[in-house]
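Please look over the model below before reading my points. I have kept them brief.

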Amino acid sequence: MKNIDIIAFRSEFAQDFARLNIEWLEKYFVVEPHDAELMERCEETIIGPGGHIFFARVDNSLVGTVALIPMEEKIFELGKMAVSEAFQGMRIGQKLMQYCIDFGREKGWKKLILYSNTVLENAIYIYRKYGFVEIPQEANPPYARSNIKMAYLL
């Protein structure tokens with residue numbers, strides 16, 4: 001097992017954030033306008049309003065990412081999680097998710113929200129394993145591909 005470090009966003013990583021997410025989205029779905037807005041302007045749309053982006057690093061390569069996007073006071077969307085295909089199966093996504101849960105607890109946040117699609121059976125299984133529970137999804141979720149909304153109480 002390779003050594004996996006979780007590191008915080010730096011401006012020079014903005015292209016890696018977009019690259020990892022586009023790779024994942026194009027494999028399973030399509031890049032939607034809301035995705036493009038978040039990825040192309042991540043410092044303005046995520047970091048600026050008080051959000052966070054983290055990366056999984058193996059050796060000197062950024063192989064995974066996740067964002068904590070502010071929704072309401074002390075409530076954040078856990079989104080834009082992607083792991084490069086060559087590094088899938090190494091539990092990098094789970095490591096990123098646990099890091100975000102721990103980070104949110106340390107910050108005194110109330111809840112993490114995520115949007116997903118039930119076609120991603122393995123991802124939904126892992127979310128439930130970590131304690132996320134399904135909650136009602138709004139009529140117009142931010143992602144057209146979303147057919148499930150889940151929450152984790154911190």
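The points below cover the basis of the model, the sheet, a helix pair, one tyrosine and a pocket.

1. Basis. This is a predicted model, in which local features need pLDDT of at least 70, side-chain atom pairs count only at pLDDT 80 or more, and totals for chains, interfaces and linings use all residues. Residues are numbered from 1 along each chain as its sequence is written, and side-chain values use heavy atoms, with hydrogens and water left out.

2. Sheet. Seven strands form an open sheet in the order E1-E2-E3-E4-E5-E7-E6, and the pairing is mixed. Strands are DSSP runs of at least two residues and helices (H or I) of at least four, numbered from the N terminus. Two strands pair if DSSP finds at least two bridges between them. E1 (4–8) and E6 (133–135) are the edge strands; each has a single partner strand, so one side of each has no neighbour in the sheet. On average, neighbouring strands are turned by 30° against each other, direction ignored.

3. E6 pairs with E7 (residues 148–153) in the antiparallel sense over 3 bridges. Which residue in E7 is the bridge partner of Glu 134? The partner is Met 150.

4. Helix pair. The axes of H4 (residues 92–107) and H5 (residues 121–130) come within 11 Å and cross at roughly 35°. Axes are lines fitted to C-alpha atoms, for helices over the stretch in contact, and angles run from 0 to 180 degrees between N-to-C directions. H4 supplies Gln 94, Met 97, Gln 98 and Ile 101 to the contact, and H5 supplies Ile 126, Tyr 127, Lys 129 and Tyr 130. Contact means heavy atoms within 4.5 Å. H4 also lies across E1, E2 (52–58), E3 (61–72), E4, E5 and E7, running at about 140° to E2.

5. Tyr 130. This residue is found in H5. Tyr 130 touches Gln 94, Met 97, Gln 98, Ile 101 and Tyr 152, not counting residues up to four places away in sequence. Glu 106 is 24 residues from Tyr 130 in sequence and 17 Å away in space, C-alpha to C-alpha.

6. Pocket. The lining of the largest pocket has 36 residues; Trp 24, Met 81, Leu 120, Ala 123 and Tyr 127 lie nearest its centre. A pocket here is an open set of points on a 1 Å grid over the protein atoms alone, where a 1.4 Å probe fits, with protein on both sides within 12 Å along at least five of seven lines; lining residues have an atom within 4 Å of a point. H1 (14–28), E4 (75–83), H4, E5 (111–116) and H5 each give two or more residues to this lining.
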